[in-house]
Amino acid sequence: QVQLVESGGGLVQAGGSLRLSCAASGIDFSGYVMAWHRQAPGKQRELVAIITSGSVTNYADSVKGRSTISRDNAKNTVYLQMNSLKPEDTAAYYCRAARAGPNGGYYWGQGTQVTVSS
């Protein structure tokens, strides 16, 4: 059974930092593209950051320069370090794992809430 378990969310003041973690089990983690998405109330879910199996990264313009996605294949974990947080970063943050092909799949975590107060 595939599980993606996010942690690290919470309440933080504007300008603060958080580090989100997503621990994966039940998949060949190193072969998956991992990503973080977020969804604010009343808005569509959006991609925040993505990291390929080869650790190539890309970021949404809204977080570029303030966030870093990384992965530890030995721990089956992907991280999102977020700095200089803004109230508009408030959202539920979701981890996603994706791999094409017959042995692949597409999976979501349950989410972790990030709230940034002004």
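Two residues are in contact when they have heavy atoms within 4.5 Å of each other. With that rule, valine 78 touches Leu20, Ser21, Cys22, Phe29, Met34, Trp36, Ile51, Ile69, Ser70, Arg71 and Cys95, leaving aside residues up to four places away in sequence. What you're looking at is a predicted model, so local features need pLDDT of at least 70 and side-chain atom pairs count only at pLDDT 80 or more, while totals for chains, interfaces and linings use all residues. Residues are numbered from 1 along each chain as its sequence is written, and side-chain values use heavy atoms, with hydrogens and water left out.

**The sheet**

- Let's start with an open sheet of 4 strands, ordered S1-S3-S8-S7 and paired antiparallel.
- Its edge strands, each pairing on one side only, are strand S1 (3-7) and strand S7 (67-72).
- From one strand to the next, the twist averages 15°. Angles like this run from 0 to 180 degrees between N-to-C directions, using axes that are lines fitted to C-alpha atoms (for helices, over the stretch in contact).
- A quick word on labels: strands (E, at least two residues) and helices (H or I, at least four residues) are DSSP runs, numbered from the N terminus. Two strands pair if DSSP finds at least two bridges between them.
- S1 and S3 run antiparallel and are joined by 5 bridges. Here leucine 4 stands opposite alanine 24 in S3.
- S3 also pairs with S8 in the antiparallel sense, over 6 bridges. Alanine 23 has threonine 77 in S8 as its bridge partner.
- S7 and S8 are antiparallel too, with 6 bridges.

**The core**

- Which residues touch the most other members of the largest nonpolar core? They are Met34, Trp36, Ile69, Val78, Leu80, Met82 and Tyr93, out of 29 residues in that core.
- The elements giving two or more residues to this core are S3, S4, S5, S8, S9 and strand S11 (112-117).
- A nonpolar core means a set of buried Ala, Val, Leu, Ile, Met, Phe, Trp, Tyr and Cys residues joined through side-chain atoms within 4.5 Å.
- As for "buried", that's under 20% relative accessible area; exposed is over 50%, and partly exposed is in between (1.4 Å probe, protein chains only).

**The disulfide**

- How many disulfides does the structure hold? There is 1, where a disulfide is a pair of cysteine sulfur atoms within 2.5 Å.
- Cysteine 22 is joined to cysteine 95, with an S to S distance of 2.1 Å.
- Their link is left-handed, at -80° about the S-S bond.
- Cysteine 22 sits in strand S3 and cysteine 95 in strand S9, so the pair ties together parts 73 residues apart in sequence.
- Cysteine 22 counts as buried because its relative accessible area is 0%. Cysteine 95 is buried as well, because its relative accessibility is 0%.

**Alanine 98**

- You'll find alanine 98 in strand S9, and it is buried because its relative accessibility is 13%.
- Alanine 98 touches Tyr32, Val33, Gly105 and Tyr106, if you skip residues up to four places away in sequence.
- Isoleucine 27 is 71 residues from alanine 98 in sequence, yet the two are 10 Å apart in space, C-alpha to C-alpha.

- Most residues other than glycine have a negative phi, and most peptide bonds are trans.
- Serine 55 has a positive phi of about 70°, though it is not a glycine. Look for it in the loop between strand S5 (46-51) and strand S6 (57-59).
- Is serine 55 buried or partly exposed? It counts as partly exposed because its relative accessibility is 43%.
- Serine 84 also has a positive phi, near 50°, and lies in the loop between strand S8 (77-82) and strand S9 (91-99). Its relative accessible area is 41%, so serine 84 is partly exposed.
- Serine 30 belongs to the loop between strand S3 (18-25) and strand S4 (33-39). Serine 30 is partly exposed because its relative accessibility is 35%.
- Not counting residues up to four places away in sequence, serine 30 touches Ser53, Arg71 and Asn73.
- The C-alpha atoms of serine 30 and glycine 54 are separated by 8.6 Å, with the two residues 24 apart along the chain.
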